[in-house]
Amino acid sequence: MARQARALVSSKWLWDAVKAQAKVRVLDSSWYLPKMRRNAKSEFKKRHIPGAAFFDIDQCCDKTSPLDHMLPSEKSFADYVGNLGIESDTHVVVYDASDVGAFSAPRVWWMFRSFGHSAVSLLNGGLRSWELEGRTVSDKCIRPAPTEFRASLNRSWIKTYEDILDNLDTKTFQVVDARPAGRFRGLDPEPRDNTEPGHIPGSISMPFHSFLSPSGHFLPNEELQALFKWAGVDLTRPICVSCGSAVTACLVALAAHECGHPGVSVYDGGWSEWYTRAVPEHIISEGRGKHL
């Protein structure tokens, strides 16, 4: 097993590692909501960091679930990752091509860690920063030689609907919601059809973009710690993060990790599941009914 890697690496670090032919596998982990009208895989084929492979969260998922990109089984994850040429001692670096610097790649960072692979880092600033710093991109797609990867899921890092429901009474962990504040409050529409905005009772709003600087990089640790404190999140207590479908929630998980939290759990079904299954009194909204 590769040793634990720092969560964030710079484009210079990655450039130097690739030039040195270190055992690094770069993964473009871009994903976009349908209403964003961007095709991540098509964009990857035209423009990506040289040598990168594409990681598709809509393929590496539990395809039996009606919910979007739920975590796959250990075997499915191991098979998918092995086909990308990743072994247990490979240092994985993930990034995405979002305009804000990080959007979906932190989900893949969290997936690798959840399946026992701690040698994974996020390219701080994403493809946006890579290009702004004048580094080259490529349209050449590689086909890595398949390898064997072993996955062992840390189930304590995944929360289910039942876990969140029980927590309404037990308050064992804090629930942090990464969606924009308007969706959390119930004032702005959700991007998915047949889903109203709002939030889980007792959850705390920390929009994912608040952790990023205007350049798309994660804020310095002292500023991240200040954000958690201002929001009323205790970094010494258990935290579960949520969003629409457990993608941008993982930015909060990474930020808490940078602040020294030992392991943030993720509500994998997110608001998409909660809105479908929860009783009306468990959907807190200032604008109930006006978005359907």
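Phe112 is buried, as is Phe149, where buried denotes a relative accessible area under 20%, exposed over 50% and partly exposed in between, with a 1.4 Å probe and protein chains only. The model is predicted, so that local features require pLDDT of at least 70 and side-chain atom pairs count only at pLDDT 80 or more, whereas totals for chains, interfaces and linings use all residues. Residues are numbered from 1 along each chain as its sequence is written, and side-chain values use heavy atoms, with hydrogens and water left out.

The rings of Phe112 and Phe149 form an edge-to-face pair, because their centres are 6.4 Å apart and their planes stand at 90 degrees. Rings of Phe, Tyr and Trp (its six-membered ring) are taken to pair if their centres lie within 6.5 Å; planes under 30 degrees apart count as stacked, over 60 as edge-to-face and the rest as tilted. This pair links distant parts of the chain, 37 residues apart: Phe112 belongs to helix H4, and Phe149 to the loop between helix H5 (126-132) and strand E6 (158-159). Helices (H or I, at least four residues) and strands (E, at least two) are DSSP runs numbered from the N terminus. Both phenylalanines belong to one aromatic cluster, formed by Phe55, Phe77, Tyr80, Phe112, Phe115 and Phe149.

By the ring criterion, the count comes to 13 aromatic pairs. Phe103 and Phe208 provide an edge-to-face example, since their ring centres are 5.7 Å apart and their planes at 70 degrees. Phe103 lies in the loop between strand E4 (91-95) and helix H4 (105-114), and Phe208 in the loop between E8 and helix H8 (221-231), so this pair ties together parts that are 105 residues apart in sequence. Phe103 is buried at a relative accessible area of 10%, and Phe208 likewise counts as buried at 10%.

Strands are considered paired if DSSP finds at least two bridges between them. Strand E7 (residues 174-177) pairs in the parallel sense with strand E9 (residues 239-242) over four bridges, and with strand E8 (residues 204-205) over two bridges, also in the parallel sense. Gln174 has Ile239 of E9 as its bridge partner, Val175 stands opposite Cys240 in E9, and Asp177 is opposite Ser205 in E8. In a regular strand the side chains alternate between the two faces of the sheet. Within E7, Gln174 and Val176 point one way and Val175 and Asp177 the other way, all of them being buried.

In helix H6 (residues 161-170), the buried residues include Tyr161, Ile164, Asn167 and Leu168. These four lie on the same side of H6, because they cover an arc of only 125 degrees around the axis; the arc is that of the directions from the helix axis to the C-beta atoms. Asp169 and Thr170, on the other side of H6, are exposed. The cover over the buried residues of H6 includes E6, E7, E9, strand E10 (265-267) and helix H10 (270-277), contact meaning heavy atoms within 4.5 Å. Lys171, which follows H6, has a positive phi, near 50 degrees.
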